[in-house]
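I went through them one at a time.

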Amino acid sequence: MCDSSDDSFICYIKELPPELQAEAAARAIEINPENAPKSHHLLNLSTQEQSNNLKLTQLYAKRWSRKGVNLTVGFFGNPPAELRARIMSHMNAWNVSANILFTETELANNPQVRISFDNSGYWSVIGTDILSVPQDKATMNLGGLQVDTPDREFRRVVRHETGHTLGFMHEHQRPEITAHIDSDKAIAHYKAIYNWSPEVTRATILSPINPDYTNQTILADPNSVMSYPLPASIMKDGIAIEAGRDISASDMAFAAILYAKPNTTGRLMHTVRNADGSWQPMVDLKAALNIMGPIMSIAGASNDNGDTHFVFVTLWADSGIPGELWHLIRHSDGSWSQPESLSRVFNITIGVSAVAAAAGANGSVHYAFTTSDGLLKYTVRESSGRWQPMIDLHTELKVKGMVVALGGTNGANGAVQFAFTTSDGKLWHAIRNSDGNWRPLLKLSTELSPVWTGDVVTIAGAAGPYIGDTVFVFATRRARLWHSVRHRNGGKWTGLNDLGKGLNMEKRVVAVGGCAGAEGQTHFVLATEDGKVWHTIRYFEGGWQPPVPLDWVLPIEGAVSILAAVHGGNGETLYVMSTYQ
């Protein structure tokens, strides 16, 4: 059962009765052999547990075939056509990136997904288990939804419950998040709010899920539509988990990996916009450089000799490291280096999830990145090619909470700047001076607005029209796009500016890249939730060019999920973008 309001979303996963679980486990493995229990988990069981069929069924996953998900949907109670249509549209929102399709049919046709509207709240059976639910029973309940329910609730509730039908578990029960919860405070909180017993709170909030349910993701995503909000009062570090109100960019990427669309392959595309506004042909770097695995994050910066440096994260590669960090150079003559694994250089034994880059003094390039546990790391590549030792920037800056997204750019006099958001949705700003010292961390969300509209999910920074000025663009998961300018003199910020309104952006922005261009211009590329990518320019005097869909001028195949922009020589701007498929 789920309870949903503006401040909460609580969901019980509907489990099959014990007598149906063995059959369901066998069926799940038949549908997708990857659902079978992992051998190392079987070895961890006692002899008695290994002979217990019910115990064994608890180790299987419930994902559909990698060929895709194509399920029929029926409704109990003859709800209005308008209500059914809204529900179907939100269920099929998962189709943007993945091979997922839900089709309405009559109950007489024995649909696989059966939705009821009784007063037991919101719940869903997980993944392939729905096939073991008797035909006269529901597999999902949406008891709180009506025709006049605000669309934000449809987004949050229907897309969440559909995620369960696709086999996704609760993101807030990832070990990286449960480790931050104070058990005693959580038990007291949920007793007071929902009258839960300690056992229910342990099962619903405190118990970390089997890591094999999420072994293809890197960072536990506090912005995931599959996460609950967790109040600051129950967290050990006092940092709330705000949770998702819509399918996040990482949700989309994860679904695309599990259920890839047919006849397409993930690409890492590169192009250049010349100073005269023309575009150079797209090049597939993934194929040209033999890059293995889906790209999950990318950032770049140029140094003084005209080379452009990129760091990117692959979900997996030959090493088998999930979230492997790589470095790549585009030389000034247009040739490319072979990718170098920074995970191996720095002996990073856990996954990297997000990256940012900034040009520094004397040809250096600076990199910040987050690891799978939400910690912030930092290193510098000197112009000689030497890498400085990696430092723990989380401790250096006294960061609290998991770092979720970040962006970087150069500043004045060889300084570099990084903006990032933590798991409570707050936005922060850090500056490293050219002498290597870091300035105190600025709570940028407070600096920009006394009433923060927060929950930032993607950030990009770029040099502004005057030397030392910087422009930051960021998007919140509440479908808002913002920008602010930091002026060199005194570090004054222009405040919170509603860029989404100014550009008339109708779709939610899920990724942003930015860089300086010619004549004081600043260029940004924006990926929207429908997989399209847009290009816009902030002019010297502060006006903005209306966003242009890049598929008007470039052959972009597939939905764009990740992108970056880098300043080049002679007024050029360089762009890389990764597609889901």
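**Entry 1: S341.** I located S341 in strand β13, which covers residues 340-341. The model is a predicted one, in which local features need pLDDT of at least 70 and side-chain atom pairs count only at pLDDT 80 or more, while totals for chains, interfaces and linings use all residues. Residues are numbered from 1 along each chain as its sequence is written, and side-chain values use heavy atoms, with hydrogens and water left out.

I then looked up the accessibility of S341: its relative value is 8%, so S341 counts as buried. The classes are buried under 20% relative accessible area, exposed over 50%, and partly exposed in between, with a 1.4 Å probe and protein chains only. The side chain of S341 makes a polar contact of 2.5 Å with that of E324. Such a contact is a pair of N or O atoms within 3.5 Å; within protein, one atom must be able to donate a hydrogen and the other to accept it, and residues adjacent in sequence count only if both atoms are side-chain atoms. With neighbours within four places in sequence set aside, S341 is in contact (heavy atoms within 4.5 Å) with E324, L325 and W326.

Entry 2: I checked the length of helix α1, residues 18-31: at 1.5 Å a residue its 14 residues should span 20 Å, and the end C-alpha atoms are 20 Å apart, which agrees. The expected span is 1.5 Å times one less than the number of residues. I noted L20, Q21, A24, A25 and A28 as the buried residues of α1. An α-helix has 3.6 residues a turn, so residues three or four places apart point the same way.

R27 also lies in α1. Its relative accessibility is 27%, so R27 counts as partly exposed. Not counting residues up to four places away in sequence, R27 touches L131 and S132. I also looked up R27 against D435: the two are 408 residues apart along the chain, and their C-alpha atoms are separated by 62 Å.

**Entry 3: α5 against α6.** Which angle do helices α5 and α6 make where they pack? I found about 60° between α5 (residues 81-91) and α6 (residues 151-165), with their axes 8 Å apart. That makes α5 oblique to α6. Axes are lines fitted to C-alpha atoms, for helices over the stretch in contact, and angles run from 0 to 180 degrees between N-to-C directions. Angles under 35 degrees count as roughly parallel, over 145 as roughly antiparallel, 65 to 115 as roughly perpendicular, and the rest as oblique.

The crossing of α5 past α6 is right-handed. A crossing has this hand if the near helix is turned clockwise from the far one by less than a right angle, and is left-handed if anticlockwise. I recorded L83, R86, I87, H90 and M91 of α5 in contact with D151, F154, R155, V158, R159 and T162 of α6.

In α5, the buried residues are L83, R86, I87, M88, H90 and M91. Their cover includes β3, β4, β5, β7 and α6. As for α6, I found it mostly covered, with 12 of its 15 residues buried. Just after α6, G167 takes a positive phi of about 100°.

**Entry 4: α8 against α9.** Helix α8 (residues 183-194) packs on helix α9 (residues 198-206) at about 115°, with the axes 9 Å apart. That makes α8 roughly perpendicular to α9. I noted a right-handed crossing here. S183, A186, I187 and Y190 of α8 meet P198, T201, R202, I205 and L206 of α9.

**Entry 5: L376.** I placed L376 in strand β16, residues 376-381. L376 counts as buried, because its relative accessibility is 2%. From L376 to L393 I read 17 residues in sequence and 5.3 Å in space, C-alpha to C-alpha.

**Entry 6: positive phi.** N504 is a residue other than glycine with phi near 60°. I found N504 in the loop between α15 and β26, and at 59% relative accessibility N504 counts as exposed. Phi of E519, likewise positive in a residue other than glycine, is near 55°. E519 lies in the loop between β26 and β27, and with a relative accessible area of 70% E519 is exposed.

Notes:
Helices (H or I, at least four residues) and strands (E, at least two) are DSSP runs, numbered from the N terminus.
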